[in-house]
Amino acid sequence: MWMPYAFALLAVMLTPTRLTIALSSPRSSAKSKMPTYKFTPDRKDYDMKVTSLHRYAVKGLSGDPLKSAHFKPGDGTFEDDRRYALLYEKNSDKFDSRSPEWLHKEQFLCAFTDPKGMAKLDTEYRVESCDEGGTTRTLTVWDRSKGRTSDPLVRSDLACESGRDQVARFFTERFGEKVVCVVAQTEDRHTHQFGNTSSGVKNNDGDTRLIHIINSNTVKELSGAIFEDESYLRPTMFRPNVVVDGLEPWAEFDLIGKTIESVPKDGDCDDNTMRFLVTSRTVRCAGIGVDPERPEEEHDIPASLIKHFPEHGPYLGIYAVRVDGEKNGVLSVGETFRVIQ
């Protein structure tokens, strides 16, 4: 009965060693048949409070906490979220900047291909308007162990080709394999997101731009099952755009196919509401096994999910896509998501 999960795990594990560990892990006595998630508003409260927001400008690097995320018409995700990526040069022929398509994370230098190496770096990304016109998109990288008061390892403007080349040279020298810093060349709009799973993209009609939502109570339950400490795992380990609280653990899976609406905080303008369609669950990979706060540790999260919660498989988190993209919108910490249909 556990074979379907073995195949799901095969798709997300990084090395044969991790596969051996995962498949030999003890099994729960619970049946491995995938559950049928059902929206039951008469038995559950599905209102969710937004407790934190995060943007990851470069795929695989650390995220920037945000107080608010602004959406322009046509935007499908946070401004510049996963707009850039460090593509292994040997895979350059698979990427067309004028017509980019989804690529598996193994094609990139990222948290999936080198989780410990990437966790040792701390980064900040700033978008600023210039007095003479135009916009700078500055990436700064520090050695995490030395802190942000130390000299940065590299600081470059990703808005220009020379800045992206400088970043690529730094990562090539540090990690020992040649990479190129890539971005979709589609004027100044963020039209391609380097992220998400193939299933997430398929459930969004091929558009790579989605937001990733994590229920903090699900993370607490997983953390308690693995470490007997609900606070050991942090929601940000799962690289979310939005962290929510108020839901029962795993209740977010009931929302697949539902539309949720952001409710502004008291006193905010109702015109700032936005609507998102929850499209799918998020399958987890080995890339989220290292917490940047504890880069010396590595945990097999997909295997732990299957061991302790086989009814859910190696899934944690949900993807959502904006469905009222014809208007400006703002999503802020402290707002609430409610289910509207």
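User: Which residue does glutamate 297 form a salt bridge with?
Analyst: Glutamate 297 pairs with arginine 294, and the closest N and O atoms are 3.7 Å apart. A salt bridge here means a side-chain nitrogen of Lys or Arg within 4 Å of a carboxyl oxygen of Asp or Glu. This is a predicted model, so local features need pLDDT of at least 70 and side-chain atom pairs count only at pLDDT 80 or more, while totals for chains, interfaces and linings use all residues. Residues are numbered from 1 along each chain as its sequence is written, and side-chain values use heavy atoms, with hydrogens and water left out.

User: Is glutamate 297 buried, partly exposed or exposed?
Analyst: Partly exposed, at 21% relative accessibility. Buried means under 20% relative accessible area, exposed over 50%, and partly exposed in between (1.4 Å probe, protein chains only).

User: Ok, how many salt bridges does the structure hold?
Analyst: There are 19 salt bridges. One of them links the side chains of lysine 44 and aspartate 254, at 2.9 Å from N to O.

User: Where do lysine 44 and aspartate 254 lie?
Analyst: Lysine 44 is in the loop between helix H2 (16-23) and strand E1 (48-55), and aspartate 254 is in the loop between strand E11 (242-245) and strand E12 (259-263), so the pair ties together parts that are 210 residues apart in sequence. Helices (H or I, at least four residues) and strands (E, at least two) are DSSP runs, numbered from the N terminus. Lysine 44 is partly exposed at 22%, whereas aspartate 254 is buried at 7%.

User: What about glutamate 124 and arginine 148?
Analyst: Their side chains meet in a salt bridge too, at 3.7 Å from N to O. Glutamate 124 sits in strand E6 (residues 121-129) and arginine 148 in the loop between E7 and E8, so this pair ties together parts 24 residues apart in sequence. Glutamate 124 counts as buried at 19%, and arginine 148 is partly exposed at 40%.

User: Switching topic: what's around arginine 284?
Analyst: Arginine 284 is buried yet has no salt bridge, and the nearest side chain of opposite charge, glutamate 252, is 8.9 Å away. For charges, Lys and Arg count as positive and Asp and Glu as negative; His and the chain ends are not counted. The side chain of arginine 284 does make a 3.1 Å polar contact with that of histidine 212. A polar contact is a pair of N or O atoms within 3.5 Å; within protein, one must be able to donate a hydrogen and the other to accept it, and residues adjacent in sequence count only if both atoms are side-chain atoms.
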